[in-house]
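The exercises below are meant for a reader who is meeting this structure for the first time. Please look through the sequence and the model before working through each solution.

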Amino acid sequence: MLSIDLSGKRALVAGVADDGGFGFAIAKALAMAGAAVSVATWPPALNIFLNLLERGKMDESRRMPDGSLLTFEHIYPLDAVYDTLADAPEDVRTSKRYKDVGDFSMEGLAARISADYGEKGLDIVVHSLANGPEVKKALMETSRAGYLAAVSASAYSMVSLVSHLAPIMRDGGAFVSLTYMASERAIPGYGGGMSSAKAALESDTRVLAYEVGRKYGHRVNTISAGPYASRAASAIGIIDRMVQYCGQNAPLTEHLKAEEVGTAAAFLCSPLASGITGSTVYVDKGYHAMGMAVAATDQLL
Ligand SMILES: NC(=O)c1ccc[n+]([C@@H]2O[C@H](COP(=O)([O-])OP(=O)(O)OC[C@H]3O[C@@H](n4cnc5c(N)ncnc54)[C@H](O)[C@@H]3O)[C@@H](O)[C@H]2O)c1
C-alpha cells in the first residue's frame, strides 16, 4: 500500500500559536505520518499558547488516531521579521513578551535547532505565518511602512527561513509555505500589501526551489489554500463571507477543512513528492479553476 511515511524525519512548523489554523493542522498531519514535530511561535502569542497546552484546552484537537496526544518536541520562540537579535529594536527586545524568551530571531532559531539536533538534524520546514498590519486598508490607502511590514513578515520571512535552515537540513529536505490566490487575482478586502506579499512569496518559491535544489537538493513548494476562518484570517474582517462565497462558487461546495491542507502539506513534504518543487499547489476545493461566479449564470448544477 502506498502511504505517506515520514518516520525518522524531523519537522519544524513555523506559525503555530493555537489549534485553529493551518500550521496546527499541518503539524498534526506530519506527526500522523510519523515525523517528530517542533513548532515556532510568535513571542506575543507564546504564553497564551503554552497556557492553552498546559491547561488541556487543546486536548481534543491534539488527539491522534491512536488515542495519544500530539506533542511537540520543542516550541521555539520566533519573530520572523528579525534575522538577528541585533535587528530587533531595543524596545521590542526589552518588552514584556520578548525579554525572557532568548534569541527569537531567525539566526537564534537556527542556532537552537543545531544545538538540539546537531548540524544536520532537520528534514521538513513549514512556513505558516503572515502578518499585514494594514490588511483592512485598500492597497491605495496602504502606507509604505504597512506595505513593507506585510512583505517583510509574510514573504521575506520565507527567504530568511530557507537561507537559515537549508544548511542544517539533511539531504532531500522539503520546505512548504502557505499562499493565497489574492497574489494573482484581485480579491477585494485583502489589502495592506498582503496580496503583494503573496505574489512575492509565490515568485520566491520558484527562485528558492532552483537555488536550494541546486545547492542542497531540497525542495520548495507553496500551497495556495482557500479561505478558512483561522485567527489570522478573522483579522481580515470578511472571512466568513469569503468562505461562503467559495462554497457557492467552487467546483466542490463543502467548506475547506484545515486537515485537507495538512494532508496536502504532508504529501508535499514526503518522498512521494520527490519530483515536485517550485510549485504552487491549490488546495481550495477547485475555486481557482473558475472564471465566473455561479450565481451570475443559469448553469447552477
Ligand atoms: N486562513 C486563510 O483563509 C488562508 C488562506 C490562504 C493562505 N493562508 C495562509 O496560511 C498561513 C497560516 O495562516 P492561518 O490562516 O492558518 O492563521 P494562523 O493564525 O493559524 O497563523 C498565522 C500565524 O502567524 C504568526 N505570526 C504573525 N506574525 C509573525 C511573526 N512576525 N513572526 C512569527 N510568527 C508570526 C501568528 O502568531 C500565527 O500563529 C498564512 O501564511 C496565511 O496567509 C491562510
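**Exercise 1.** In which helix do Asp59 and Arg62 both lie, and how many residues apart are they?

*Solution.* The model is a predicted one, and the first step is to locate the two residues in it. Both Asp59 and Arg62 belong to helix α3 (residues 59-62), where they are three residues apart, about one turn of the helix. An α-helix has 3.6 residues a turn, so residues three or four places apart point the same way. The next step is to look at the side chains: Asp59 and Arg62 form a salt bridge, in which the closest N and O atoms are 3.3 Å apart. The last step is to classify each partner by its accessibility. Asp59 counts as partly exposed because its relative accessibility is 25%, whereas Arg62 counts as buried because its relative accessibility is 10%, buried being under 20%.

**Exercise 2.** Work out which parts of the chain are linked by the salt bridge between Asp123 and Arg170.

*Solution.* Begin with the contact itself, in which the side chains of Asp123 and Arg170 meet at 2.7 Å, N to O. The pair links distant parts of the chain, since Asp123 is in strand β4 (residues 122-127) and Arg170 is in strand β5, 47 residues apart. Turning to accessibility, Asp123 is buried, with a relative accessible area of 6%, while Arg170, at 29%, counts as partly exposed. These two residues make one of the nine salt bridges that the structure holds. Another is formed by the side chains of Glu254 and Lys257, at 3.2 Å from N to O, and Lys257 is partly exposed, with a relative accessible area of 39%.

**Exercise 3.** Identify the buried residues of helix α7 and what covers them.

*Solution.* Helix α7 spans residues 194-216, and its buried residues include Met194, Leu201, Leu208 and Val212, together with Lys198 and Glu202. The cover over the buried residues of α7 includes helix α6 (144-165) as well as the strands β5 (169-179), β6 (219-225) and β7 (280-283). To finish, follow the chain just past the end of α7, where Gly217 takes a positive phi of about 80°.

**Exercise 4.** Which residues form a nonpolar patch on the surface, and what is their accessible area together?

*Solution.* The patch is formed by Leu2, Phe267 and Leu272, which together have about 300 Å² of accessible area. Taking Leu2 as the example, its place is in the segment before β1 (10-14). Leu2 is exposed because its relative accessible area is 75%, and exposed means over 50%.

Notes. Residues numbered from 1 in each chain as written. Predicted model: local features only at pLDDT ≥ 70, side-chain atom pairs only at ≥ 80, totals over all residues. Heavy atoms only, no water. Buried < 20%, exposed > 50% of the residue type's maximum accessible area, 1.4 Å probe, protein only. Helix = DSSP H or I, 4+ residues; strand = E, 2+ residues; numbered from the N terminus. Contact = heavy atoms within 4.5 Å. Patch = residues over 30% accessible without salt bridge, like charges linked within 9 Å, V, L, I, M, F, W, Y side chains within 5 Å. Areas by Shrake-Rupley, 256 points an atom, 1.4 Å probe, with all protein chains shown as cover. Salt bridge = Lys/Arg side-chain N within 4 Å of Asp/Glu carboxyl O.
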